[in-house]
Amino acid sequence: MQSTISPANQTEHSINSAFASHFAKSMFFTIVGLAILVFIGTRMFSHIDLNLYGYMVGTIVFIGGFFYRFIAWGERPPTKIIIK
């Protein structure tokens with residue numbers, strides 16, 4: 001039996017299936033948004049204060065690690081019960 005999937009549903013399905021969970025999708029968009037803001041704020045990476053470069057990289061790594069830890073915490077069975 002063939003299922004007919006409209007192109008709109010197929011696109012939505014492929015975007016949602018690209019991420020392991022809703023939290024992973026949120027992490028991705030947060031990191032991409034932060035990278036875009038850094039790109040705009042540094043005028044296409046041409047005006048970077050090298051004294052603050054470590055803080056910029058550290059912030060991106062921290063947010064990625066924070067979301068990763070939150071995802072791992074959210075996948076535990078007791079936490080899933082609380083979230084529901």
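How many salt bridges does the count come to? The count comes to one salt bridge, and its partners are the side chains of glutamate 75 and lysine 80. Keep in mind that this is a predicted model.

**Helix α3**

- Helix α3 runs over residues 53–74, which makes 22 residues. From first C-alpha to last it reaches 32 Å, close to the 32 Å expected at 1.5 Å a residue.
- The buried residues of α3 are Met56, Gly64, Phe67, Ile71 and Gly74. Seen down the helix axis they fall within an arc of 100°, so they line one face of α3.
- What do these buried residues pack against? Their partners are α2 (22–41) and α4 (77–83).
- On the face turned away from the buried side, α3 carries the exposed residues Tyr55, Val61, Phe62 and Arg69.
- Valine 57 is also part of α3. In space, valine 57 lies 9.9 Å from alanine 35, C-alpha to C-alpha, while 22 residues separate the two in sequence.
- Between tyrosine 68 and methionine 27 the C-alpha distance is 7.9 Å, with the two 41 residues apart in sequence.

- Helix α2 has 20 residues, which should span 28 Å at 1.5 Å a residue; its end C-alpha atoms are 28 Å apart, so the two values agree.
- A nonpolar surface patch of about 800 Å² is made by Phe28, Phe29, Val32, Ile36, Phe39, Ile40, Met44 and Phe45.
- One of the patch residues, phenylalanine 28, sits in helix α2. Phenylalanine 28 counts as partly exposed because its relative accessibility is 40%.

**The loop between α2 and α3**

- Arginine 43 belongs to the loop between α2 and α3, and it comes just after α2. Its phi is near 55°, a positive value in a residue other than glycine. The relative accessible area of arginine 43 is 57%, so this residue is exposed.
- Phenylalanine 45 lies in the loop between α2 and α3 and takes part in the nonpolar patch. For phenylalanine 45, phi is near 60°, again a positive value in a residue other than glycine. At 44% relative accessibility, phenylalanine 45 counts as partly exposed.

- In the salt bridge between glutamate 75 and lysine 80, the distance from N to O is 3.5 Å.
- Glutamate 75 has a relative accessibility of 39% and therefore counts as partly exposed. Lysine 80 is partly exposed as well, with a relative accessible area of 37%.
- Threonine 79 is found in helix α4. At 3% relative accessibility, threonine 79 counts as buried, since the value is under 20%.
- Which residues does threonine 79 touch, not counting residues up to four places away in sequence? Threonine 79 touches Trp73 and Gly74, and Gly74 is one of the buried residues of α3.

Definitions and conventions:
Residues are numbered from 1 along each chain as its sequence is written. This is a predicted model: local features need pLDDT of at least 70, side-chain atom pairs count only at pLDDT 80 or more; totals for chains, interfaces and linings use all residues. Side-chain values use heavy atoms; hydrogens and water are left out. Helices (H or I, at least four residues) and strands (E, at least two) are DSSP runs, numbered from the N terminus. The expected span of a helix is 1.5 Å times one less than its number of residues. Buried means under 20% relative accessible area, exposed over 50%, partly exposed in between (1.4 Å probe, protein chains only). The arc is that of the directions from the helix axis to the C-beta atoms. Contact means heavy atoms within 4.5 Å. Patches are made of residues with over 30% relative accessible area and no salt bridge: like charges are joined within 9 Å, nonpolar side chains (Val, Leu, Ile, Met, Phe, Trp, Tyr) within 5 Å. Accessible areas come from the Shrake-Rupley method with a 1.4 Å probe; for residues, only the protein chains shown count as cover. A salt bridge is a side-chain nitrogen of Lys or Arg within 4 Å of a carboxyl oxygen of Asp or Glu.
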